[in-house]
Amino acid sequence: MLNDRSTPLAFLATRRSGKPRDLVAPGPSTDELTAMIGIAARTPDHGKLAPWRFVIVEDRDRLSALILGARRAATPPPTEAELAGLDQFARQAPALVVVLSTPQPGRPIPVWEQEMSAGAACMNLLHAANAHGYAAGWLTGWPSMSEAVRDGFGAAPERIVGFVFIGTPSRPLDERPRPDLGAIVSHW
């Protein structure tokens, strides 16, 4: 059901995300979540800037209110179905970590490189969750693009890189089609 953790190569070759809506209890303990974030922070980081932050979301009612309030204030006006979907988004999976890119403009390291490091931190968080025996899903969507939602966690120039949901899969993880290597690899 979970990713093959028998060897590091087997793990990397079989890694799959879990759909957050299919992740149920048990989720990670506080100590496990702290360990996962410690692993996520061991990401490539040119200049040792740590251009990312992790926010553990404990109050899902507060998150839902933030997202729904931000969406109601945006245009075009949301439909009731969209609001229901955003409320469900805020409440899925037993654990949630919001990962923010925290670039330091004006440093010798380009902002785009700092943002890539934040993306790598998200990927490391997925790997850490899987290595602990859980499944995880990294979502973006409308909440990650909303400045009002971002402002609930930080301020510009920060950006939400993703919402990383962690839990136990309620059904087998899906394998998605992978790209044909012939189409994405070239030799120079």
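Helices here are DSSP runs of at least four residues, numbered from the N terminus. With that in hand, let's walk through this predicted model, beginning at a helix and then visiting some spots in the loops.

Helix H5 covers residues 111–131. After H5 comes glycine 133, which has a positive phi, near 95°.

Now for the backbone in the loops. Most residues other than glycine have a negative phi, and most peptide bonds are trans. Alanine 50 has a phi near 45°, which is positive although the residue is not glycine. You will find alanine 50 in the loop that joins helix H2 (30–40) to strand S2 (52–56). Alanine 93 also has a positive phi, near 65°, and sits in the loop between H4 and strand S3 (95–101).

Are these two alanines buried or exposed? Alanine 50 has a relative accessible area of 35%, so it counts as partly exposed. Alanine 93 has 12%, and because buried means under 20%, alanine 93 is buried.

Another runs from alanine 156 to proline 157, with omega near 10°. Proline 157 is placed in the loop between helix H7 (147–151) and strand S5 (159–169).

Methods
Residues are numbered from 1 along each chain as its sequence is written. This is a predicted model: local features need pLDDT of at least 70, side-chain atom pairs count only at pLDDT 80 or more; totals for chains, interfaces and linings use all residues. Side-chain values use heavy atoms; hydrogens and water are left out. Helices (H or I, at least four residues) and strands (E, at least two) are DSSP runs, numbered from the N terminus. The expected span of a helix is 1.5 Å times one less than its number of residues. Buried means under 20% relative accessible area, exposed over 50%, partly exposed in between (1.4 Å probe, protein chains only).
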